[in-house]
Amino acid sequence: MLPTSIMRSPAMVQRVLKSFHTEGGYDGLVLPGLKVIDSEEGRVRAEFTVEKQHLNRLKSVHGGLLATVVDVGGSLALASKGMYATGVSTDINISYISGAKEGDVITVDCRCNKLGKTLAFTTVELSSNGRLVALGRHNKFVAQAYAHPNNEIGGKKV
């Protein structure tokens, strides 16, 4: 169900990112250097530096890593709407535009396009050195996520 009021705060985005880093699992393993640099309702900007372990055999950033960034970025966009529990992925896609090398800083622009009763739709743009690196879309099933006690949803549901 949709919340009637949401207390949106950059602190929620930081809490969700911290949980990605500290709760164990894949995200914290491959993206420990991901940092939020700005957030507002429905939008988060983050960045990370491409490290050696992020590269493919041709010394360019690995597409699988960028797909993981789209996954995490979509979740952070939902966190900016007050969601601590950010649902489960229903589909994710990514278009690779250009490469990035070790040492490049990749900026991640995450947007929540719609947060509905059951589904959420997000887009994530990755860029480096003034070039678009990748475009991603990440959709999530959120109906059960609304019940999580750590959400900032004001307690009332429609």
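This is a predicted model: local features need pLDDT of at least 70, side-chain atom pairs count only at pLDDT 80 or more; totals for chains, interfaces and linings use all residues.
Local features are given only at pLDDT of at least 70 and side-chain atom pairs only at pLDDT 80 or more, whereas totals for chains, interfaces and linings use all residues. Residues are numbered from 1 along each chain as its sequence is written, and side-chain values use heavy atoms, without hydrogens and water.

Helices (H or I, at least four residues) and strands (E, at least two) are DSSP runs, numbered from the N terminus. Helix H1 covers residues 10-22. Its 13 residues should span 18 Å at 1.5 Å a residue, and the end C-alpha atoms are 18 Å apart, in agreement. The expected span is 1.5 Å times one less than the number of residues. Burial was assigned by relative accessible area: buried is under 20%, exposed is over 50%, and partly exposed lies in between (1.4 Å probe, protein chains only). Met12, Val13, Val16, Leu17, Ser19 and Phe20 of H1 are buried. Down the helix axis these buried residues fall within an arc of 155 degrees, so they line one face of H1. The arc is taken over the directions from the helix axis to the C-beta atoms. Lys18 and Thr22 are exposed, on the face turned away from the buried side. Gln14 is partly exposed, at 40%. The cover over the buried residues of H1 includes helix H2 (26-30), strand S1 (35-40), S2 and H3. Just after H1, Gly24 takes a positive phi of about 85 degrees.

A nonpolar core is a set of buried Ala, Val, Leu, Ile, Met, Phe, Trp, Tyr and Cys residues joined through side-chain atoms within 4.5 Å. The largest such core has 40 residues, of which Leu34, Phe48, Leu76, Val108 and Leu126 touch the most other members. At least two core residues come from each of H1, strand S2 (43-49), helix H3 (63-79), strand S4 (105-115), S5 and S6. H3 gives the most, with nine residues. Contact means heavy atoms within 4.5 Å. Beyond its neighbours within four places in sequence, Leu76 contacts Val13, Val16, Leu17, Phe20, Leu34, Val36 and Val44.

Strands were taken as paired where DSSP finds at least two bridges between them. S6 (residues 131-141) runs antiparallel to S3 (residues 88-96), joined by eight bridges. In this pairing, Ser95 stands opposite Leu135 in S6. S6 also pairs with S5 (residues 119-128), in the antiparallel sense, over ten bridges. Here Ser127 stands opposite Leu132 in S6. The S5 and S6 hairpin has two residues between the strands, and Asn129 takes a positive phi near 55 degrees.

A salt bridge is a side-chain nitrogen of Lys or Arg within 4 Å of a carboxyl oxygen of Asp or Glu. The count comes to three. In one, Lys81 and Glu41 have their closest N and O atoms 3.2 Å apart. Lys81 lies in the loop between H3 and S3, and Glu41 in the loop between S1 and S2, so the pair ties together parts 40 residues apart in sequence. Lys81 is buried at 18%, whereas Glu41 is partly exposed at 43%. Asp109 forms a salt bridge with Arg43 (2.7 Å, N to O). Shared partners join Arg43, Asp109 and Arg111 into one network. Asp109 is buried at 12%. Arg43, at 26%, is partly exposed. Arg111 is partly exposed at 34%.
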